[in-house]
Amino acid sequence: PSNILTVAWTKATGPGTVTFTNAATANSRASFSTAGVYVLRLIASDTVLASTSTVQVTVNPVPNAAPVVNAGVDQTITLPSTATLAGTATDDGAPSNILTVAWTKLSGPGTVTFTNAATANSRASFSTGGVYVLRLVANDTMLSSTDDVQVTVNAVPNQAPVVNAGTNQTITLPSTAILAGTATDDGAPS
């Protein structure tokens, strides 16, 4: 008789595919395509007789971690400028490889309008000056995370009133001059 011994690993049962680093050796590593309960079979043969043994491997799914959120750096703007929101949100892909984000106003004296509140990168417009805190929320359908950014909004700086005395006139006495001047202001400071 020859002294030839061959071994082979195979998947007996399980929900996904199994990849062995070397299925032709007794000591191997197995990788699994999905979570579940697998039964792996080791077959040994000496070319005349064969024996088998099985091992059960329970593969747990990747644990879900909360998304990682960064709302960006605090900033200061002057009206009528808008704030550029450069947020980021990343996730581990569990449980469903779905990640949604949303911007909201957490605090501030006026209203905030977002160009697209459902994206991490957006722009925000403010109705009035003041200090605002904006929150970026990310949700992976199971867990959520938040981060805040502060936007200091300076009111429109006070400009001098715009004055126009009207057009030049020539009159003859005893007539009167009709003055039709205009004055406008930006509304600041009051």
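In the largest nonpolar core, which comprises 20 residues, the members that touch the most others are L85, W103, A124, F126 and L134. A nonpolar core is here a set of buried Ala, Val, Leu, Ile, Met, Phe, Trp, Tyr and Cys residues joined through side-chain atoms within 4.5 Å, where buried denotes under 20% relative accessible area, exposed over 50%, and partly exposed the range in between (1.4 Å probe, protein chains only). The model is predicted, so that local features require pLDDT of at least 70 and side-chain atom pairs count only at pLDDT 80 or more, whereas totals for chains, interfaces and linings use all residues. Residues are numbered from 1 along each chain as its sequence is written, and side-chain values use heavy atoms, with hydrogens and water left out.

Two or more residues are contributed to this core by each of β8 (83–86), β10 (100–107), β11 (112–114), β12 (121–126), β13 and β14; strands are DSSP runs (E, at least two residues) numbered from the N terminus. The largest contribution, four residues, is that of β13. F126 is in contact (heavy atoms within 4.5 Å) with I77, L79, A83, T111, V112, Y132, L134, V151 and V153, residues up to four places away in sequence not being counted. Another core, of six residues, lies apart from it and includes F20, Y38, L40 and V59. In soluble globular proteins, nonpolar side chains tend to be buried together.

One salt bridge is counted under the criterion of a side-chain nitrogen of Lys or Arg within 4 Å of a carboxyl oxygen of Asp or Glu. The side chains of R135 and D148 form a salt bridge, with an N to O distance of 2.7 Å. Because R135 belongs to strand β13 (residues 130–139) and D148 to strand β14 (residues 144–154), the pair ties together parts that are 13 residues apart in sequence. R135 is partly exposed, at 25% relative accessible area, and D148 is likewise partly exposed, at 29%.

S145 is located in strand β14 and is buried, with a relative accessibility of 16%. A polar atom of the S145 side chain lies 2.6 Å from the backbone oxygen of P67. With residues up to four places away in sequence excluded, S145 touches A66, P67, V69, L136, V137 and A138.

An open, antiparallel sheet is formed by three strands in the order β1-β4-β5, pairing being assigned where DSSP finds at least two bridges between two strands. Since β1 (6–13) and β5 (50–59) stand at the edges with a single partner strand each, one side of each is left without a neighbour in the sheet. Strand β4 (residues 36–45) pairs with β5 over ten bridges in the antiparallel sense, and A44 stands opposite S51 in β5.

Methods:
Polar contact = N/O pair within 3.5 Å; in protein donor to acceptor, adjacent residues only side chain to side chain.
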